[in-house]
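Please look through the structure shown here with its sequence beside it.

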Amino acid sequence: MKFSFKRLLLLGFGFFGISLLWPLYNSYVPIFLKDFNLSSTLIGFVMTIDNIFAIIMLPLLGVLSDQTRTRLGRRMPYILVGAPLAAITFSLIPLTRSWQLLWLMMLNIIFMNFFMALFRSPVIALMPDITPSEYRSQANGVINFMGGVGALLAFFAGKPLYDKNYALPLYVGAIVMVFSQMLVVLFIKEDEKYRIKTGEKIKFENVYKKTMVELSENLKDVFKSKEKSLLMMLLSILLWFIGYNGLETFFTSYAKFQMGIKESTGALVLGFFSLTFMLFAIPAGFIGSKIGRKKTMTIGLIVVLAILVGVFVSSLVIEDPGLLTKVFFVLFALGGFGWAMVNVNSLPTIVDMTVEEKVGGYTGLYYAIQLRLNLKMAR
(Lines give C-alpha, C1' and ligand atoms only; values in the text may rest on other atoms or scores of the structure.)
Protein backbone atom coordinates (compact mmCIF):
# COMPACT_ATOMS: atom_id res chain seq x y z
CA MET A 1 0.00 0.00 0.00
CA LYS A 2 1.07 3.56 -0.72
CA PHE A 3 0.11 6.69 1.18
CA SER A 4 -2.23 8.85 -0.93
CA PHE A 5 -3.48 12.14 0.51
CA LYS A 6 -5.98 12.53 -2.35
CA ARG A 7 -7.45 9.09 -1.72
CA LEU A 8 -7.73 9.83 2.01
CA LEU A 9 -9.61 13.05 1.30
CA LEU A 10 -12.08 11.09 -0.79
CA LEU A 11 -12.42 8.51 1.98
CA GLY A 12 -12.89 11.37 4.43
CA PHE A 13 -16.24 12.11 2.80
CA GLY A 14 -17.52 8.89 4.39
CA PHE A 15 -16.79 10.22 7.87
CA PHE A 16 -17.96 13.68 6.75
CA GLY A 17 -21.43 12.29 5.93
CA ILE A 18 -21.72 10.36 9.19
CA SER A 19 -20.56 13.35 11.27
CA LEU A 20 -23.00 15.64 9.44
CA LEU A 21 -26.02 13.50 10.28
CA TRP A 22 -25.55 12.95 14.02
CA PRO A 23 -25.54 16.62 15.14
CA LEU A 24 -28.76 17.17 13.18
CA TYR A 25 -30.28 14.08 14.76
CA ASN A 26 -29.18 15.05 18.28
CA SER A 27 -30.26 18.67 17.89
CA TYR A 28 -33.75 18.29 16.43
CA VAL A 29 -35.14 14.85 17.25
CA PRO A 30 -35.51 15.67 21.01
CA ILE A 31 -37.51 18.74 19.99
CA PHE A 32 -39.76 16.63 17.77
CA LEU A 33 -40.31 14.12 20.57
CA LYS A 34 -41.43 16.91 22.90
CA ASP A 35 -44.50 17.33 20.66
CA PHE A 36 -45.77 14.01 22.03
CA ASN A 37 -45.54 15.22 25.66
CA LEU A 38 -42.87 12.69 26.55
CA SER A 39 -40.88 13.16 29.74
CA SER A 40 -37.27 14.27 29.57
CA THR A 41 -36.22 10.90 31.00
CA LEU A 42 -38.03 9.00 28.25
CA ILE A 43 -36.63 11.28 25.55
CA GLY A 44 -33.17 10.74 26.99
CA PHE A 45 -33.70 6.99 26.71
CA VAL A 46 -34.79 7.32 23.07
CA MET A 47 -31.64 9.30 22.36
CA THR A 48 -29.50 6.42 23.66
CA ILE A 49 -30.81 3.98 21.04
CA ASP A 50 -27.82 4.80 18.83
CA ASN A 51 -25.51 3.73 21.67
CA ILE A 52 -27.37 0.45 22.15
CA PHE A 53 -26.92 -0.35 18.47
CA ALA A 54 -23.29 0.78 18.64
CA ILE A 55 -22.44 -1.55 21.52
CA ILE A 56 -24.15 -4.54 19.93
CA MET A 57 -23.63 -4.03 16.21
CA LEU A 58 -20.35 -2.20 15.59
CA PRO A 59 -18.05 -5.03 16.74
CA LEU A 60 -20.26 -7.58 14.96
CA LEU A 61 -20.46 -5.60 11.70
CA GLY A 62 -16.74 -4.91 11.79
CA VAL A 63 -15.96 -8.62 12.01
CA LEU A 64 -18.66 -9.49 9.47
CA SER A 65 -17.16 -7.07 6.95
CA ASP A 66 -13.73 -8.65 7.57
CA GLN A 67 -15.20 -11.98 6.44
CA THR A 68 -17.21 -10.64 3.49
CA ARG A 69 -16.01 -11.11 -0.08
CA THR A 70 -17.91 -9.60 -3.03
CA ARG A 71 -17.06 -8.24 -6.46
CA LEU A 72 -16.87 -4.76 -4.86
CA GLY A 73 -14.80 -5.84 -1.87
CA ARG A 74 -15.53 -6.50 1.79
CA ARG A 75 -16.65 -3.04 3.02
CA MET A 76 -18.57 -1.54 0.09
CA PRO A 77 -21.73 -3.71 0.26
CA TYR A 78 -22.50 -2.41 3.73
CA ILE A 79 -22.17 1.19 2.56
CA LEU A 80 -24.33 0.58 -0.50
CA VAL A 81 -27.10 -0.96 1.61
CA GLY A 82 -26.84 1.02 4.84
CA ALA A 83 -26.34 4.59 3.62
CA PRO A 84 -29.41 4.93 1.33
CA LEU A 85 -31.70 3.20 3.83
CA ALA A 86 -30.37 5.37 6.68
CA ALA A 87 -30.97 8.48 4.57
CA ILE A 88 -34.54 7.46 3.74
CA THR A 89 -35.48 6.71 7.35
CA PHE A 90 -33.71 9.87 8.53
CA SER A 91 -35.68 12.03 6.10
CA LEU A 92 -38.94 10.38 7.20
CA ILE A 93 -38.52 11.58 10.81
CA PRO A 94 -40.06 15.05 10.23
CA LEU A 95 -42.93 13.46 8.28
CA THR A 96 -43.80 11.19 11.20
CA ARG A 97 -43.77 14.30 13.38
CA SER A 98 -46.26 16.06 11.12
CA TRP A 99 -48.49 12.96 11.10
CA GLN A 100 -48.44 12.91 14.92
CA LEU A 101 -47.89 9.14 14.99
CA LEU A 102 -45.55 8.38 17.88
CA TRP A 103 -45.37 4.62 17.18
CA LEU A 104 -44.36 5.31 13.58
CA MET A 105 -41.74 7.87 14.61
CA MET A 106 -40.26 5.44 17.14
CA LEU A 107 -40.18 2.64 14.57
CA ASN A 108 -38.53 4.97 12.09
CA ILE A 109 -35.91 6.12 14.64
CA ILE A 110 -35.04 2.51 15.49
CA PHE A 111 -34.57 1.56 11.83
CA MET A 112 -32.58 4.72 11.13
CA ASN A 113 -30.16 3.89 13.96
CA PHE A 114 -29.91 0.29 12.75
CA PHE A 115 -29.02 1.33 9.20
CA MET A 116 -26.47 3.91 10.41
CA ALA A 117 -24.77 1.20 12.51
CA LEU A 118 -24.77 -1.09 9.47
CA PHE A 119 -22.12 0.85 7.59
CA ARG A 120 -20.24 2.88 10.20
CA SER A 121 -17.56 0.30 11.09
CA PRO A 122 -16.94 -0.68 7.44
CA VAL A 123 -16.49 2.98 6.41
CA ILE A 124 -13.96 3.72 9.14
CA ALA A 125 -12.17 0.39 8.61
CA LEU A 126 -11.38 1.47 5.05
CA MET A 127 -8.81 3.93 6.48
CA PRO A 128 -6.39 1.27 7.80
CA ASP A 129 -7.31 -0.93 4.82
CA ILE A 130 -5.82 1.53 2.34
CA THR A 131 -3.12 3.10 4.55
CA PRO A 132 0.25 1.64 5.63
CA SER A 133 0.72 1.38 9.39
CA GLU A 134 3.32 4.16 9.60
CA TYR A 135 0.92 6.67 8.02
CA ARG A 136 -2.27 5.80 9.91
CA SER A 137 -1.99 8.66 12.41
CA GLN A 138 -1.79 11.20 9.58
CA ALA A 139 -4.61 9.40 7.78
CA ASN A 140 -6.84 9.43 10.87
CA GLY A 141 -6.09 13.13 11.22
CA VAL A 142 -7.46 13.71 7.72
CA ILE A 143 -10.54 11.58 8.48
CA ASN A 144 -11.22 13.47 11.73
CA PHE A 145 -10.73 16.80 9.97
CA MET A 146 -13.39 15.86 7.41
CA GLY A 147 -15.66 14.70 10.21
CA GLY A 148 -15.17 18.03 11.97
CA VAL A 149 -16.11 19.89 8.80
CA GLY A 150 -19.30 17.83 8.58
CA ALA A 151 -20.24 18.56 12.19
CA LEU A 152 -19.59 22.29 11.85
CA LEU A 153 -21.60 22.38 8.63
CA ALA A 154 -24.51 20.75 10.45
CA PHE A 155 -24.41 23.35 13.23
CA PHE A 156 -23.98 26.43 11.04
CA ALA A 157 -26.19 25.43 8.09
CA GLY A 158 -28.80 23.65 10.18
CA LYS A 159 -30.12 26.78 11.88
CA PRO A 160 -31.04 28.84 8.75
CA LEU A 161 -32.56 25.74 7.15
CA TYR A 162 -34.58 24.97 10.29
CA ASP A 163 -35.81 28.57 10.46
CA LYS A 164 -37.26 28.19 6.95
CA ASN A 165 -38.78 24.76 7.54
CA TYR A 166 -38.14 22.36 10.39
CA ALA A 167 -37.80 19.43 7.98
CA LEU A 168 -35.16 21.02 5.71
CA PRO A 169 -32.05 20.22 7.82
CA LEU A 170 -32.98 16.53 7.83
CA TYR A 171 -33.82 16.42 4.11
CA VAL A 172 -30.63 18.20 3.09
CA GLY A 173 -28.55 16.21 5.58
CA ALA A 174 -29.87 12.92 4.19
CA ILE A 175 -29.05 13.93 0.60
CA VAL A 176 -25.53 15.12 1.47
CA MET A 177 -24.85 11.97 3.51
CA VAL A 178 -25.80 9.65 0.64
CA PHE A 179 -23.81 11.70 -1.86
CA SER A 180 -20.71 11.61 0.37
CA GLN A 181 -20.94 7.81 0.83
CA MET A 182 -21.35 7.30 -2.93
CA LEU A 183 -18.10 9.22 -3.47
CA VAL A 184 -16.40 6.64 -1.28
CA VAL A 185 -17.94 3.73 -3.19
CA LEU A 186 -17.06 5.21 -6.59
CA PHE A 187 -13.49 6.35 -5.96
CA ILE A 188 -12.10 4.05 -3.24
CA LYS A 189 -11.12 0.67 -4.63
CA GLU A 190 -10.53 -2.22 -2.26
CA ASP A 191 -7.68 -4.67 -2.63
CA GLU A 192 -8.25 -7.40 -5.21
CA LYS A 193 -7.71 -10.11 -2.59
CA TYR A 194 -10.95 -9.04 -0.91
CA ARG A 195 -12.99 -9.38 -4.10
CA ILE A 196 -14.46 -12.43 -5.75
CA LYS A 197 -14.48 -13.06 -9.47
CA THR A 198 -17.61 -12.81 -11.56
CA GLY A 199 -19.59 -16.02 -11.28
CA GLU A 200 -18.29 -17.01 -7.85
CA LYS A 201 -20.84 -17.35 -5.05
CA ILE A 202 -20.55 -16.51 -1.39
CA LYS A 203 -21.64 -19.15 1.11
CA PHE A 204 -23.38 -16.96 3.65
CA GLU A 205 -23.51 -19.78 6.18
CA ASN A 206 -19.72 -19.95 6.19
CA VAL A 207 -19.46 -16.19 6.49
CA TYR A 208 -21.76 -16.24 9.52
CA LYS A 209 -19.82 -19.05 11.21
CA LYS A 210 -16.49 -17.35 10.56
CA THR A 211 -17.86 -14.09 11.93
CA MET A 212 -18.93 -15.70 15.21
CA VAL A 213 -15.56 -17.41 15.56
CA GLU A 214 -13.61 -14.21 14.80
CA LEU A 215 -15.75 -12.13 17.18
CA SER A 216 -15.11 -14.66 19.94
CA GLU A 217 -11.38 -14.60 19.20
CA ASN A 218 -11.31 -10.80 19.26
CA LEU A 219 -12.94 -10.75 22.69
CA LYS A 220 -10.46 -13.37 23.91
CA ASP A 221 -7.64 -11.17 22.61
CA VAL A 222 -8.96 -8.38 24.80
CA PHE A 223 -9.69 -10.21 28.06
CA LYS A 224 -7.62 -13.42 28.10
CA SER A 225 -4.39 -12.49 26.40
CA LYS A 226 -1.27 -12.42 28.55
CA GLU A 227 -0.33 -9.18 26.84
CA LYS A 228 -2.71 -6.63 28.39
CA SER A 229 -1.87 -3.66 26.13
CA LEU A 230 -5.10 -3.94 24.14
CA LEU A 231 -7.28 -4.21 27.25
CA MET A 232 -5.55 -1.28 28.93
CA MET A 233 -5.83 0.82 25.78
CA LEU A 234 -9.55 0.11 25.40
CA LEU A 235 -10.12 0.89 29.09
CA SER A 236 -8.25 4.18 28.66
CA ILE A 237 -10.41 5.07 25.66
CA LEU A 238 -13.55 4.20 27.61
CA LEU A 239 -12.55 6.40 30.55
CA TRP A 240 -11.52 9.45 28.57
CA PHE A 241 -14.69 9.31 26.46
CA ILE A 242 -16.81 9.04 29.60
CA GLY A 243 -15.12 12.22 30.79
CA TYR A 244 -15.45 13.95 27.43
CA ASN A 245 -19.13 13.11 26.98
CA GLY A 246 -19.90 14.13 30.54
CA LEU A 247 -18.28 17.50 29.85
CA GLU A 248 -20.05 17.89 26.50
CA THR A 249 -23.43 17.00 27.98
CA PHE A 250 -23.43 19.08 31.16
CA PHE A 251 -21.17 22.06 30.44
CA THR A 252 -23.98 24.30 29.17
CA SER A 253 -26.01 23.55 32.31
CA TYR A 254 -22.96 24.27 34.48
CA ALA A 255 -22.34 27.53 32.61
CA LYS A 256 -25.93 28.68 33.03
CA PHE A 257 -26.78 27.62 36.57
CA GLN A 258 -23.38 27.86 38.30
CA MET A 259 -21.51 30.56 36.38
CA GLY A 260 -24.38 32.78 35.26
CA ILE A 261 -23.42 32.42 31.59
CA LYS A 262 -26.10 31.94 28.94
CA GLU A 263 -26.51 28.40 27.68
CA SER A 264 -26.04 29.61 24.10
CA THR A 265 -22.69 31.11 25.12
CA GLY A 266 -21.74 27.85 26.81
CA ALA A 267 -22.56 25.97 23.61
CA LEU A 268 -20.39 28.42 21.66
CA VAL A 269 -17.50 27.76 24.06
CA LEU A 270 -17.83 24.05 23.26
CA GLY A 271 -17.95 25.01 19.59
CA PHE A 272 -14.48 26.57 19.91
CA PHE A 273 -13.26 23.30 21.44
CA SER A 274 -14.59 21.42 18.39
CA LEU A 275 -13.19 24.00 15.98
CA THR A 276 -9.63 23.82 17.29
CA PHE A 277 -9.89 20.03 17.42
CA MET A 278 -10.77 20.01 13.73
CA LEU A 279 -8.02 22.48 12.80
CA PHE A 280 -5.38 20.53 14.72
CA ALA A 281 -6.51 17.03 13.65
CA ILE A 282 -4.08 16.75 10.73
CA PRO A 283 -1.06 18.24 12.61
CA ALA A 284 -1.84 15.91 15.55
CA GLY A 285 -1.51 12.94 13.21
CA PHE A 286 1.89 14.13 11.99
CA ILE A 287 3.05 14.70 15.57
CA GLY A 288 1.98 11.16 16.49
CA SER A 289 3.94 9.79 13.56
CA LYS A 290 7.00 11.87 14.47
CA ILE A 291 7.35 11.37 18.24
CA GLY A 292 5.18 8.26 18.74
CA ARG A 293 1.48 7.81 19.37
CA LYS A 294 1.75 6.94 23.07
CA LYS A 295 3.81 10.02 23.86
CA THR A 296 1.50 12.22 21.78
CA MET A 297 -1.64 10.92 23.51
CA THR A 298 0.00 11.36 26.92
CA ILE A 299 0.87 14.99 26.16
CA GLY A 300 -2.66 15.56 24.86
CA LEU A 301 -4.24 14.15 28.02
CA ILE A 302 -1.99 16.33 30.19
CA VAL A 303 -3.05 19.39 28.17
CA VAL A 304 -6.76 18.53 28.52
CA LEU A 305 -6.39 17.88 32.26
CA ALA A 306 -4.51 21.15 32.74
CA ILE A 307 -7.23 23.03 30.85
CA LEU A 308 -9.98 21.50 33.01
CA VAL A 309 -8.10 22.44 36.16
CA GLY A 310 -7.73 25.95 34.73
CA VAL A 311 -11.49 26.12 34.05
CA PHE A 312 -12.26 25.04 37.62
CA VAL A 313 -9.79 27.46 39.22
CA SER A 314 -10.82 30.41 37.05
CA SER A 315 -14.49 29.82 37.91
CA LEU A 316 -13.54 30.18 41.60
CA VAL A 317 -11.37 33.29 41.38
CA ILE A 318 -13.02 35.30 38.57
CA GLU A 319 -16.30 36.91 39.56
CA ASP A 320 -16.96 38.96 36.43
CA PRO A 321 -19.07 36.76 34.06
CA GLY A 322 -17.80 38.65 31.00
CA LEU A 323 -14.14 38.09 31.84
CA LEU A 324 -14.84 34.50 32.87
CA THR A 325 -16.46 33.85 29.49
CA LYS A 326 -13.39 35.15 27.66
CA VAL A 327 -11.11 32.95 29.76
CA PHE A 328 -13.32 29.95 29.01
CA PHE A 329 -13.09 30.64 25.28
CA VAL A 330 -9.28 30.66 25.44
CA LEU A 331 -9.01 27.59 27.67
CA PHE A 332 -11.43 25.46 25.68
CA ALA A 333 -9.77 26.48 22.42
CA LEU A 334 -6.46 25.21 23.82
CA GLY A 335 -8.21 22.09 25.06
CA GLY A 336 -9.25 21.24 21.50
CA PHE A 337 -5.57 21.00 20.53
CA GLY A 338 -4.90 18.51 23.33
CA TRP A 339 -8.00 16.46 22.53
CA ALA A 340 -6.92 16.18 18.90
CA MET A 341 -3.58 14.71 20.00
CA VAL A 342 -5.46 12.07 21.99
CA ASN A 343 -8.32 11.22 19.67
CA VAL A 344 -6.50 11.18 16.34
CA ASN A 345 -3.84 8.72 17.53
CA SER A 346 -6.05 6.29 19.47
CA LEU A 347 -7.70 4.42 16.57
CA PRO A 348 -4.39 3.78 14.72
CA THR A 349 -2.97 2.44 17.99
CA ILE A 350 -5.83 -0.06 18.29
CA VAL A 351 -5.79 -1.32 14.68
CA ASP A 352 -2.00 -1.68 14.74
CA MET A 353 -2.45 -4.27 17.48
CA THR A 354 -3.94 -6.75 15.02
CA VAL A 355 -3.47 -8.20 11.55
CA GLU A 356 -4.94 -6.83 8.33
CA GLU A 357 -7.68 -9.47 8.22
CA LYS A 358 -9.09 -8.30 11.59
CA VAL A 359 -9.00 -4.52 11.10
CA GLY A 360 -12.79 -4.20 10.81
CA GLY A 361 -13.41 -6.11 14.02
CA TYR A 362 -10.97 -4.00 16.01
CA THR A 363 -12.41 -0.81 14.50
CA GLY A 364 -15.84 -1.94 15.70
CA LEU A 365 -14.44 -2.59 19.18
CA TYR A 366 -12.93 0.88 19.23
CA TYR A 367 -16.18 2.64 18.40
CA ALA A 368 -18.29 0.40 20.64
CA ILE A 369 -16.04 1.03 23.64
CA GLN A 370 -16.58 4.77 23.30
CA LEU A 371 -20.25 4.14 24.22
CA ARG A 372 -20.68 7.89 23.85
CA LEU A 373 -22.88 7.74 26.97
CA ASN A 374 -25.50 10.02 25.50
CA LEU A 375 -26.94 11.53 28.65
CA LYS A 376 -28.52 14.11 26.38
CA MET A 377 -30.65 16.80 27.85
CA ALA A 378 -34.03 17.09 26.13
CA ARG A 379 -34.35 20.58 24.72
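Predicted model: local features only at pLDDT ≥ 70, side-chain atom pairs only at ≥ 80, totals over all residues.

Residues are numbered from 1 along each chain as its sequence is written, and side-chain values use heavy atoms, with hydrogens and water left out.

**Empty spaces**

Rolling a probe the size of a water molecule over the atoms shows where empty space is left. On a 1 Å grid over the protein atoms alone, a cavity is a set of points where a 1.4 Å probe fits but cannot get out, whereas a pocket is an open set with protein on both sides within 12 Å along at least five of seven lines; lining residues have an atom within 4 Å of a point. Grid points are joined across faces, edges and corners, and a volume is the space filled by probe spheres set on the points.

A search of the whole structure finds three cavities of 30 Å³ or more. The largest cavity holds about 110 Å³ of space, and of the 12 residues that line it, Trp-22, Asp-50, Ala-54, Ala-117 and Arg-120 lie nearest its centre. Two or more lining residues come from each of α1 (5–34), α3 and α5 (102–130), and α3 gives the most, with five residues. Helices such as these are DSSP runs (H or I, at least four residues), as strands are (E, at least two), and they are numbered from the N terminus.

The second largest pocket has a volume of about 270 Å³. Its lining is made up of 16 residues, and those nearest its centre are Pro-59, Leu-219, Leu-365, Ala-368 and Ile-369. At least two residues of this lining are supplied by each of α3 (49–67), α8 (204–223), α9 (229–257) and α13 (359–370).

**Salt bridges**

Side chains of opposite charge can pair when their charged atoms come close. A salt bridge is counted here where a side-chain nitrogen of Lys or Arg lies within 4 Å of a carboxyl oxygen of Asp or Glu, and by this rule the count comes to 10 salt bridges. The table gives some of these pairs.

| Salt bridge | N to O distance |
|---|---|
| Arg-97 and Asp-35 | 2.4 Å |
| Asp-66 and Arg-74 | 3.6 Å |
| Asp-66 and Arg-75 | 2.9 Å |

The side chains of Arg-97 and Asp-35 meet in a salt bridge, and this pair links distant parts of the chain, with Arg-97 in helix α4 and Asp-35 in the loop between α1 and α2 (40–46), 62 residues apart. Arg-97 counts as buried because its relative accessibility is 14%, and buried means under 20% relative accessible area, exposed over 50%, and partly exposed in between (1.4 Å probe, protein chains only). Asp-35, at 32%, is partly exposed. Contact means heavy atoms within 4.5 Å, and, leaving aside neighbours within four places in sequence, Arg-97 is in contact with Phe-32, Asp-35, Phe-36, Met-105, Tyr-162 and Tyr-166.

Asp-66 and Arg-74 are both buried, and Arg-75 is buried as well. Together with Asp-129, these residues are linked in a network of salt bridges.

**Single residues**

Val-184 has its place in helix α7 (residues 168–187) and counts as buried, because its relative accessibility is 0%. Apart from neighbours within four places in sequence, Val-184 touches, in the sense of contact, Leu-10, Leu-11, Phe-13, Gly-14, Met-76, Ile-79 and Leu-126.

In the loop between α1 and α2 is Asn-37, whose phi is near 60 degrees, a positive value in a residue other than glycine. Asn-37 is exposed, with a relative accessible area of 73%. Phi of Gln-100, also a residue other than glycine, is positive and near 55 degrees; Gln-100 lies in the loop between α4 and α5 and is partly exposed at 46%.

**A nonpolar patch**

Leu-72, Leu-80, Val-81, Leu-85, Ile-88 and Leu-92 make a nonpolar surface patch of about 450 Å². Patches are made of residues with over 30% relative accessible area and no salt bridge, where like charges are joined within 9 Å and nonpolar side chains (Val, Leu, Ile, Met, Phe, Trp, Tyr) within 5 Å; accessible areas come from the Shrake-Rupley method with a 1.4 Å probe, and for residues only the protein chains shown count as cover. Leu-80, one of the patch residues, lies in helix α4 (residues 76–99) and counts as partly exposed, because its relative accessibility is 33%.
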